[in-house]
Amino acid sequence: MLDPPDETSHAPDALAAGSVGSGGFAPAVLVVEDEPGIVDFLQRGLAAAGFEVTVQLDGIAGERSALRESFDIVVLDLMLPKRSGLDVLRSVRSAKPGLPVIVLTARAEIEDRVTGLEAGAADYLVKPFSLAELIARINAQLRIATQAAQTTLRGEDIEANLLTRKVRRAGRQVQLSTTEFELLVYLLRHHGQVLSREQILAAVWGYEHDPATNIVDVYIGYLRRKLRQPGKPAPIQTVRSVGYRLGHVS
Ligand code: CA
């Protein structure tokens with residue numbers, strides 16, 4: 001008899017850290033929670049499941065940790081000393097839009113839960129919850145974050161989704177034509193590098209040599225106009241006699 005295929009022996013274990021996250025390393029989880037019993041339960045349970053766990057016991061320490069250190073996901077209680085979980089959530093959403101936050105709430109705080117989702121929580125769990133359920137939710141969010149990282153290009157405050165072809169600047173959607181989108185994607189892929197008109201022509205329009213056209217300059221102009229926001233010019237620099245660069249003005 002043949003052994004069953006290999007995946008059966010690696011059947012998804014509800015209590016194992018996702019293989020997604022930080023490239024094979026243990027996903028780093030920040031837990032912000034003040035109830036000692038839950039802190040202990042989460043710290044031991046998540047560590048046993050293969051996560052790297054950091055705990056902060058109040059809102060101020062939790063916010064500081066979330067913003068300054070590098071985590072794959074945050075598990076955030078809403079009722080916290082010093083600063084509310086909702087305030088922490090709002091601040092994390094605006095500073096690190098790609099960092100998923102799972103909110104923990106008590107059953108009596110249902111309205112907070114709704115507010116939490118509106119404030120940008122990726123998911124929520126009502127206490128009491130099982131470790132297996134929390135881990136399943138964490139793994140689901142880590143998978144979503146990995147997929148988003150693979151399909152989204154970011155540079156400065158601009159995001160371009162390669163699947164939906166949606167573009168946002170500072171969270172506001174920008175409508176681009178197909179060519180403008182391709183041009184932006186090329187600039188984002190070479191964020192910070194000076195690109196010559198010839199390079200841009202070859203990459204975006206497929207010209208092998210310069211057909212003596214100003215089409216690059218014209219489209220850079222379109223793109224700048226669409227990316228411009230009040231008080232904020234588009235972060236596309238003209239590099240004299242060479243070409244262009246996406247990057248902030250230095
Ligand atoms: Ca609490």
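Analyst: A pocket is an open set of points on a 1 Å grid over the protein atoms alone, with protein on both sides within 12 Å along at least five of seven lines. Lining residues have an atom within 4 Å of a point. Points are joined across faces, edges and corners, and a volume is the space filled by probe spheres set on them. The model is a predicted one, in which local features need pLDDT of at least 70 and side-chain atom pairs pLDDT 80 or more, while totals for chains, interfaces and linings use all residues. Residues are numbered from 1 along each chain as its sequence is written, and side-chain values use heavy atoms, without hydrogens and water.

User: What volume does the largest pocket have, and which residues lie nearest its centre?

Analyst: The volume of the largest pocket is about 340 Å³. Its lining comprises 15 residues, and Pro97, Gly98, Ala145, Ala148 and Arg154 lie nearest the centre. Helix H6 gives the most to this lining, with 5 residues.

User: How is the lining of the second largest pocket divided by class?

Analyst: Asp, Glu, Lys and Arg count as charged; Ala, Val, Leu, Ile, Met, Phe, Trp, Tyr, Cys and Pro as nonpolar; and the others, Gly among them, as polar. The lining of the second largest pocket has 5 charged, 3 nonpolar and 1 polar residues. Among its lining residues are Arg154, Glu156, Asp157, Glu159 and Arg168. For the largest pocket, the division is 9 nonpolar, 4 polar and 2 charged.

User: Why is the pair of Trp205 and Tyr219 called edge-to-face?

Analyst: Rings of Phe, Tyr and Trp (its six-membered ring) pair if their centres lie within 6.5 Å; planes under 30 degrees apart are stacked, over 60 edge-to-face and the rest tilted. The centres of Trp205 and Tyr219 are 5.4 Å apart and their planes stand at 65 degrees, so the pair is edge-to-face. Trp205 belongs to helix H8 and Tyr219 to helix H9, 14 residues apart. Ring pairs join Trp205, Tyr219 and Tyr222 into a cluster.

User: How many aromatic pairs are there in total, and what makes Phe41 and Phe129 a tilted one?

Analyst: The count is 3 aromatic pairs. Phe41 and Phe129 are 6.2 Å apart centre to centre, with 50 degrees between the planes, and the pair is therefore tilted.

Methods
Helix = DSSP H or I, 4+ residues; strand = E, 2+ residues; numbered from the N terminus. 1 Å grid on protein atoms, 1.4 Å probe; cavity = no way out; pocket = protein on both sides within 12 Å on 5 of 7 lines; lining within 4 Å.
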